[in-house]
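Let's walk through this one together, question by question. Have the sequence and the model open as you read.

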Amino acid sequence: MNLTGFDPNLVDSTISSINSAYGDLVQALGSDMKAQFVDDMATKWACKNAQDFFDNSFKPAVDGLLSDSYKTFDSAVTSINSAGQAWAAETGTSYAGGSFSGEMQTIDVSSILENVNGVRGIDVENTGDTLGKLTTIAGSAKTALENAKSAVTNFQSFRGGNQQQNLIDAMETIKSNIDTAVENLNGQVNTAINQTVAQYEDTKGAVEQAFTAS
């Protein structure tokens, strides 16, 4: 028998899954991006070119992804909770309601310096591994989005026209934006690195040593 209705426990578990997925997403795009990419790059690249790239290209791109993600996840939880409240009122069912637990995040790039103990330049040889972390971090972010999409897809009592599909499409859009952003940032960072080498020098570990000395 096919029944039309809703399961309050299913609504609660869906909201909980979306909140968890958002936590994983901002861990990747926020905390991991800072610790594994920005802070690591800071030990290999110190000059005005580095600061210009991270301040004017990298931070706006990542902050944009974080902002779009926050709005999409907040909208998802709000819509699901509203649907649950509507079903509860219609069926006389007790439903306490759920809320979005996420917070708006931004990326901190302040570790990128104009110089470290007077050293300016870049250790080109060792930036490759750090650049590769962008792809790994993007993969973690997309996994979080897949988990959120699965939670929305499995919410079978969704009311309100195309709301469910709209949320799924919005998460797919963010995934696509992450791919585009990483591709663009890889190109931009390589351009900025080449400009650094032309204007300063390949420091071959001198920036990292300067950090250690400080």
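## Helix packing and charged pairs

Helix α1 and helix α2 are roughly antiparallel to each other. Keep in mind that this is a predicted model.

Q: At roughly what angle do the axes of helix α1 and helix α2 cross?
A: Helix α1 covers residues 8–42 and helix α2 covers residues 48–91, and their axes come within 9 Å. An angle over 145 degrees counts as roughly antiparallel, and α1 and α2 are therefore described that way. The crossing angle is roughly 170 degrees.

Q: How many charged residues are there in the contact of α1 with α2?
A: Sorted by class, this contact has 22 nonpolar residues and five polar ones. The count of charged residues is given as no charged residues.

Q: How far apart are the axes of α1 and helix α3?
A: Helix α3 spans residues 127–153, and α1 packs with α3 at an angle of about 175 degrees. That angle makes α1 roughly antiparallel to α3. The contact of α1 with α3 divides into 17 nonpolar, seven polar and four charged residues. As for the distance, the axes of α1 and α3 are 8 Å apart.

Q: Which side chain of opposite charge is nearest to D32?
A: D32 lies in helix α1. D32 is buried, yet has no salt bridge. Setting aside residues up to four places away in sequence, D32 touches Q27, F37 and I137. The nearest side chain of opposite charge is 11 Å away, and that is K133.

Q: Is V38 buried or exposed?
A: V38 is found in helix α1. Leaving aside neighbours within four places in sequence, V38 is in contact with several residues, among them F54, F58, I107 and V109. With a relative accessible area of 0%, V38 is buried.

Q: How many salt bridges does a search of the whole structure find?
A: Side chains of opposite charge can pair when their charged atoms come close. One such network links E146, K149, E172 and K175. Over the whole structure, the number of salt bridges found is 12.

Q: What is the distance between the closest N and O atoms of D52 and K48?
A: D52 and K48 are four residues apart in helix α2, so about one helical turn separates them. D52 is partly exposed at a relative accessible area of 30%, and K48 is partly exposed at 44%. The two form a salt bridge, and their closest N and O atoms are 2.9 Å apart.

Q: What is the N to O distance in the salt bridge of K142 and D179?
A: K142 is in helix α3 and D179 is in helix α4 (residues 163–199), so this pair, 37 residues apart, links distant parts of the chain. K142 counts as partly exposed at 23% relative accessibility, and D179 is partly exposed with a relative accessible area of 41%. The side chains of K142 and D179 meet with an N to O distance of 2.6 Å.

Definitions and conventions
Residues numbered from 1 in each chain as written. Predicted model: local features only at pLDDT ≥ 70, side-chain atom pairs only at ≥ 80, totals over all residues. Heavy atoms only, no water. Axes fitted to C-alpha atoms, helices over the stretch in contact; angles between N-to-C directions. Helix = DSSP H or I, 4+ residues; strand = E, 2+ residues; numbered from the N terminus. Parallel < 35°, antiparallel > 145°, perpendicular 65-115°, else oblique. Nonpolar A, V, L, I, M, F, W, Y, C, P; charged D, E, K, R; others polar. Buried < 20%, exposed > 50% of the residue type's maximum accessible area, 1.4 Å probe, protein only. Lys, Arg positive; Asp, Glu negative; His and termini not counted. Salt bridge = Lys/Arg side-chain N within 4 Å of Asp/Glu carboxyl O. Contact = heavy atoms within 4.5 Å.
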